[in-house]
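Me: Hi! I've got a structure open and would like to talk it through with you. Could you take my questions as they come?

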Amino acid sequence: MTRDDARQRARELAKEHRARGDALGWFEKLYVEARGDAEHVPWADDEPHPLLADWLARERVDGIGATGRRALVVGAGLGDDAEGLARAGFAVTAFDLSPTAIEWCRRRFPTSRVEYRVADLFAAPAEWRSAFDLVFECYTLQALPLGVRERAFEPIATFVAPGGTLLVVTRGTDVHENVEELPLPLTQAELARFEALGLARTDFLDVVTGEQMPLRRFRAVYRR
Ligand SMILES: C[S@@+](CC[C@H](N)C(=O)[O-])C[C@H]1O[C@@H](n2cnc3c(N)ncnc32)[C@H](O)[C@@H]1O
């Protein structure tokens with residue numbers, strides 16, 4: 001299966017589920033259908049996202065700087081970002097709605113220090129509130145249809161501890177074009193929701209990245 005086939009199948013699954021009023025069920029279906037083959041998972045890259053790796057390097061977050069600091073990965077997928085943060089020294093919790101994705105992470109990284117958890121962003125454990133020095137969100141928001149996405153900013157913001165950081169990586173756009181098609185890139189106006197929720201934007205990158213499929217992406221950093 002090519003990456004294009006995997007993307008096409010993901011779009012079909014998302015559309016079928018949405019037609020039934022179920023915006024989230026397609027993720028688990030996609031991971032189950034993949035049967036352990038990452039070629040079927042369009043966002044699986046087998047390494048931490050380059051914009052995360054670049055940020056960690058730039059901030060000189062190394063084993064010493066991050067030791068004892070807690071990080072939370074939202075919509076962890078196959079776990080590469082979580083593992084990258086653990087290597088940088090963070091104590092990492094990584095969660096995903098999909099039990100199959102979480103099982104897959106545990107199988108891939110059997111000796112990992114990351115705590116992989118099945119959890120729904122919209123019903124997250126109360127003890128995660130204000131609990132993390134770093135919250136990393138990559139590509140979950142863009143995979144949610146607008147009506148669901150608008151409710152997702154608040155729980156993500158609440159995970160950030162006082163003085164903590166939220167790092168968001170997403171496809172970016174100036175205006176929404178086809179709002180029916182996922183992934184739907186985020187606008188800066190949407191990202192401003194994090195500021196309305198009490199976070200201060202401290203850095204913003206608007207860049208075209210990706211060797212195989214160059215796309216516009218935003219990397220936004222916020223502090224509480
Ligand atoms: C497009 S994938 C991105 C995965 C990963 N962040 C990456 O960049 O490779 C979005 C992920 O978010 C998860 N997800 C979607 N809705 C969620 C929710 N409400 N709570 C937790 N995870 C969710 C999906 O199961 C999926 O693994």
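Me: Which residue of β7 does Val207 stand opposite?
Reply: Val207 stands opposite Arg217 in β7. Strands here are DSSP E runs of at least two residues and helices are H or I runs of at least four, numbered from the N terminus. Before we go on, this is a predicted model: local features need pLDDT of at least 70, side-chain atom pairs count only at pLDDT 80 or more, and totals for chains, interfaces and linings use all residues. Residues are numbered from 1 along each chain as its sequence is written.

Me: And how many bridges join β6 to β7?
Reply: There are 9 bridges between β6 and β7 (residues 215-223), and the two strands run antiparallel. Two strands count as paired if DSSP finds at least two bridges between them.

Me: What's the strand order in the sheet?
Reply: The order is β3-β2-β1-β4-β5-β7-β6, in an open sheet of 7 strands with mixed pairing. β3 (115-118) and β6 (200-209) stand at the edges with a single partner strand each, so one side of each is left without a neighbour in the sheet. Neighbouring strands are turned by 15 degrees against each other on average, direction ignored.

Me: Which helix packs on β2 and β3?
Reply: Helix α6 (residues 99-108) packs on the sheet there, touching β2 (91-96) and β3, and its direction makes about 165 degrees with that of β3. Touching, or contact, means C-beta atoms, placed from the backbone, within 7 Å. The angles run from 0 to 180 degrees between N-to-C directions, with axes fitted to C-alpha atoms, for helices over the stretch in contact.

Me: What does Asp206 contact?
Reply: Leaving aside neighbours within four places in sequence, Asp206 is in contact with Gly172 and Phe218. Its C-alpha atom is 29 Å from that of Ala131, a residue 75 places away along the chain.

Me: How about β1, how many of its residues are buried?
Reply: In β1 (residues 70-74), 4 of the 5 residues are buried, so the strand is mostly covered. β1 pairs with β2 in the parallel sense over 4 bridges, and Arg70 has Ala91 as its bridge partner in β2.

Me: Which residues have the most contacts inside the largest nonpolar core?
Reply: Those are Val73, Val135 and Phe136, in a core of 55 residues. A nonpolar core is a set of buried Ala, Val, Leu, Ile, Met, Phe, Trp, Tyr and Cys residues joined through C-beta atoms within 7 Å. Val73 touches Asp81, Ala82, Leu85, Val92, Ala94 and Phe136, not counting residues up to four places away in sequence.

Me: Switching to α3: which residues are buried there?
Reply: Leu52, Trp55 and Leu56 are buried in helix α3 (residues 50-58). They cover an arc of only 100 degrees around the axis, which puts them on the same side of α3; the arc is that of the directions from the helix axis to the C-beta atoms.

Me: What covers them, and what's on the other face?
Reply: The cover includes α5 (80-87), β4 (132-138), β5 (160-171) and β7. The face turned away carries the exposed residues Ala57 and Arg58.

Technical notes: A residue is buried if 20 or more other C-beta atoms lie within 10 Å of its own, exposed if 12 or fewer, and partly exposed in between; C-beta atoms are placed from the backbone. Two residues are in contact if their C-beta atoms, placed from the backbone, lie within 7 Å.
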